[in-house]
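Please keep the sequence and the model in view while reading.

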Amino acid sequence: MIKGSIPALVTPFKNGELDIDTLKKLVEWHIAQGSHGLVPVGTTGESPTLSHAEHEKVIEVVVETVAGRIPVIAGAGSNNTAEGLGLIQHAARVGADAALVVTPYYNKPTQKGLIAHYTALHDATDIPIIIYNIPGRSVVDMTPDTMGELAKLPRIIGVKDATGDLARVGKTRITCGTDFVQVSGEDPTAIGYNAQGGVGCISVTANVAPKLCAQVQNATLAGDYALALELTDKLMPLHIAIFVEPGVSGAKYAMSLLGLCSDEVRLPLTTLSDSTKAQIKAAMEHADLL
């Protein structure tokens, strides 16, 4: 069910408020462009600065607009287990296909704490859970052994791996089994990740180039790594440019050039410097997007 190119969907704003009409249009555009799933209100959806009501509204709108055509993996992570329970129960209640749950950030739980946190969320609902392991943001790294323990729970089905360590894929196959869904959380290594045993990428760049990103994933899943590499050569400058400054700001600026949404972000994020804008524009031209 969960594989291929899955955009970590931006949350469009207009004058500081949710832009629901644009959000619906983005969902339709992604489906038409060949995206294989959507992740609303992840980090790229600016979840840290959305209110709970806004968080829930975005998920509801995306689920309703998708209408079962592709999987919706709702962002439902928190460093407060009680808060996470509310988020994941809401995602299940409104019909999301799975929940993306980040390792708790800032309070730095032990591996024992990670097991307790994810077990509590698992037991609170019947929705499948994708672990989001991103030590660069959360400052805690879930080990393959810990993930193996959690994989024994029937509804913990996979991981979004943003460690950047391609060897982690093989290690996780050993501890979690070959059916455990492994998707990359890092665009530049998506081909290598799939070659090691991954089945997709939850992507920031796919906000801007969903068709190309979907083609890369389709090629790797078909075993055509020559085509995947050719396409990635077009995308690599964009993968890099989007993250010169925070990826949300980069993605939204690029999308604004395509007329998809405004480049508005919420503080403490800001719009891009002129030099980064120029780099993104050049990368988009390299990818034949402009």
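**A lysine and its surroundings**

Apart from neighbours within four places in sequence, Lys-160 is in contact with Leu-100, Ile-130, Ile-131, Tyr-132, Asn-133, Val-183, Ser-184, Gly-185 and Ile-202, where contact means heavy atoms within 4.5 Å. The model is a predicted one, in which local features need pLDDT of at least 70 and side-chain atom pairs count only at pLDDT 80 or more, while totals for chains, interfaces and linings use all residues. Residues are numbered from 1 along each chain as its sequence is written, and side-chain values use heavy atoms, with hydrogens and water left out.

Lys-160 belongs to strand 7; strands (E, at least two residues) and helices (H or I, at least four) are DSSP runs numbered from the N terminus. With a relative accessible area of 6%, Lys-160 is buried. Here buried means under 20% relative accessible area, exposed means over 50%, and partly exposed lies in between, for a 1.4 Å probe and protein chains only. Lys-160 also lies over the face of Tyr-132, at 4.0 Å from the ring centre. A charge is counted as over a ring if NZ of Lys or CZ of Arg is within 6 Å of the ring centre and within 35 degrees of the ring normal.

Two strands pair if DSSP finds at least two bridges between them. In general, strands of a sheet pair through backbone hydrogen bonds, either parallel or antiparallel.

Strand 7 (residues 156–161) is joined to strand 8 by four bridges, and the two run parallel. Asp-161 stands opposite Ser-184 in strand 8. Strand 8 (residues 181–184) also holds Gln-182, which counts as buried because its relative accessibility is 1%. Beyond its neighbours within four places in sequence, Gln-182 has contacts that include Val-159, Arg-168, Tyr-193 and Gly-200.

All five residues of strand 5 (residues 98–102) are buried. Ala-98, Leu-100 and Val-102 are on one side, while Ala-99 and Val-101 are on the other, and both faces are covered.

The cysteines come next. The structure holds zero disulfides, a disulfide being a pair of cysteine sulfur atoms within 2.5 Å. The sulfur of Cys-201 is 7.3 Å from the closest cysteine sulfur, in Cys-213, which is too far for a bond. For Cys-261, the closest cysteine sulfur is also in Cys-213, at 16 Å, again too far for a bond.

Some backbone details remain. Most residues other than glycine have a negative phi, and most peptide bonds are trans. Glu-46, in the loop between helix 1 (20–33) and helix 2 (52–66), has a positive phi near 60° and is buried at a relative accessible area of 2%. Tyr-106, in the loop between strand 5 and helix 4 (111–124), has a positive phi near 75° but counts as exposed at 74% relative accessibility. The peptide bond from Leu-267 to Pro-268 is cis, with omega near 15°.
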